[in-house]
Amino acid sequence: MFLRHLSLYLFTLVSSATAALPPIHYTISRRGGSFPAPDTANLTYLLEQVKVVEQRYSATTRTFSGNKVVRKPKRVHGTQAGAALLGEASRDGNWFASLHIGDPMQEVDMDLDMLTADFWILSTSIDSENPLAFPTCRQPKDLVHLPTIQRSVPLSFAHCRPSKQWIRSLLPSGAYLGLAPSTALSQTKTMSLMPQLVEKQIIDTPIWSIMLANRKEGIFSIGGTSVASVREVERETEDSLARLGHQKSERSFTINDAPRREDGDKLSEWKWMKVQGAEGWWQILMRGVFVEGIKILDSQPVVLDINTPFIIAPPLAARTFYASISGSKRLSPPYDQFHAYPCFNLPRINFEFDQWNVQVLNAKRDKGTFSPGGRFSLGRMTRGSGFCIGTIIESRVGISTSDARESNSKVHVDGGNGLSDVWIIGEPFYRDVQVAFHWRDKLVGMQRA
Ligand SMILES: *[C@@H]1O[C@H](CO)[C@@H](O)[C@H](O)[C@H]1NC(C)=O
């Protein structure tokens, strides 16, 4: 209901009141639908999904570029360029938008990926003009039809064909939009979609943002955020619902202190913080983790990634976290990355970022899900159990398995990809917080959803 109103608003109205160019909004969906939230967790499935996340993170490594530490695709033996193209088009669990391209117009799914930096389109038919640095890619130009502002502009992109060396050679065609802030991760060495839009003066604010309306739909905005439009729609939705005499608005999320004035897309309302760590991803510093109002962890580096369906924490941080929830326990191998807590003892959890403290994963269960134990739960540990699996999961990225298994001993840092002490903050967080990304100044902005 809410999203339908919002779409209508975003795609039929363009504000002309401000001098700034309006943002472009795409509706996005999660491929394969919502992440499952069954009554009883399927640990086999969950572990598979955790491994998928870990694989995505293992595809890169840290290295020096001049005097900077940057993330680079890992070299793979037997591939022409020494590396496989990062990312996987049409992967289940990717958030994607529909891209309209060409004349006649074609529609392709465009996956979003915060861990990669290139804009490419994959298909098996490819001409041989304009070869690129990446051996299976060319650089054509084609018309891209932009929603919201209803304009079509010629943009260039890397047009790639799956190489024989790639393990999965029968890839479906699709577009891929890398959203990582650093060009160190770029493999095709082309200008991505958004800098081209700035150059062509289609947008003037080097910001993109994501707002999730529920577990499978959201809005991806380029050149600003959807906050102003969302508030406008909330007002209108509420009004029309009130007029229709409905009890309560059906919206799937709430905004605290939603201003009642004509508010534009005020960037000053966002809490901004600088990206840090090895140059590559959207990594920031989480100042603290609180359980029941008590700070249990300090200064944790986090990487933001919408395509991860969990929150993944370094082993010691995860154990410290669960140690502060009474009755919780760690599962035994092979499921020892998971912890269970008494379903009805869901703790109050807060994350703190630069002077800003926000409650996350709070008790409300999502509509249409069956998982007991609130949004923090991935389902009961076993059928009928009073224990629920928590969505904060122990990382094994950048940690050798034997080290991680030595439960209470010190976990050794292998230092390889620099991820052994980093959290991965995935999709559940985007339900609580709206996040905006300033790619030119390398800033992450947040405000309550
Ligand atoms: C649990 O997940 C595995 C792996 O995805 C799947 O093969 C199996 O059918 C699932 N079991 C149930 C009971 O759904």
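**Setting values against cut-offs**

Me: What makes β18 and strand β19 (residues 339-342) a pair, and how do they run?
Reply: In this predicted model, β18 and β19 are joined by 2 bridges and run antiparallel. At least two bridges are required for a pair, so the number found here meets the requirement. Within this pairing, Lys329 has Ala340 of β19 as its bridge partner.

Me: Why is one side of β18 and of β22 left without a neighbour in the sheet?
Reply: The open sheet has 4 strands in the order β18-β19-β23-β22, with antiparallel pairing. Because β18 (329-330) and β22 (377-380) stand at the edges and each has a single partner strand, one side of each has no neighbour in that sheet.

Me: What makes β8 a partner of both β4 and β9?
Reply: Strand β4 (residues 95-101) is joined to β8 (residues 141-146) by 2 bridges, while 6 bridges join β8 to β9 (residues 151-156). His100 stands opposite His145 in β8, and Val144 has Val153 in β9 as its bridge partner. The hairpin of β8 and β9 has 4 residues between its strands, and there Thr148 takes a positive phi near 65°.

Me: How do you know whether Gly426 is buried or exposed?
Reply: Gly426 has 21 C-beta neighbours inside 10 Å, and since the cut-off for a buried residue is 20 or more, Gly426 counts as buried. This glycine is found in the loop between β25 (423-425) and α7 (427-430). Leaving out residues up to four places away in sequence, Gly426 touches Asp305, Ile306, Thr308, Pro309, Phe310 and Ile311. The C-alpha atoms of Gly426 and Asn307 are separated by 6.5 Å, although the two residues are 119 residues apart along the chain.

Me: Why are Ser90 and Lys442 assigned to the class they are in, rather than called buried or exposed?
Reply: Ser90 has 16 other C-beta atoms within 10 Å and Lys442 has 15. A residue is buried at 20 or more and exposed at 12 or fewer, so a count in between makes it partly exposed, and that is the class of Ser90 and of Lys442. Ser90 lies in the loop between β3 (68-73) and β4, and Lys442 in the loop between β26 (433-438) and β27 (443-448). Neither is a glycine, yet phi is positive in both, about 65° for Ser90 and near 55° for Lys442.

Me: Why can the buried residues of α5 be said to line one face of the helix?
Reply: In helix α5 (residues 315-323), the buried residues are Pro315, Ala317, Ala318, Phe321 and Tyr322. Seen down the axis of α5, these buried residues fall within an arc of 165°, and therefore they line one face.

Me: Which residues have the most contacts inside the largest nonpolar core, and what does Leu112 meet?
Reply: The largest nonpolar core has 108 residues, and those with the most contacts inside it are Leu112, Trp120, Trp282, Trp423 and Val444. Strand β12 (residues 207-212) gives the most to this core, with 5 residues. Once neighbours within four places in sequence are set aside, the contacts of Leu112 include Ile28, Trp95, Phe96, Leu177 and Phe220.

Key
Residues are numbered from 1 along each chain as its sequence is written. This is a predicted model: local features need pLDDT of at least 70, side-chain atom pairs count only at pLDDT 80 or more; totals for chains, interfaces and linings use all residues. A nonpolar core is a set of buried Ala, Val, Leu, Ile, Met, Phe, Trp, Tyr and Cys residues joined through C-beta atoms within 7 Å. Two residues are in contact if their C-beta atoms, placed from the backbone, lie within 7 Å. The arc is that of the directions from the helix axis to the C-beta atoms.
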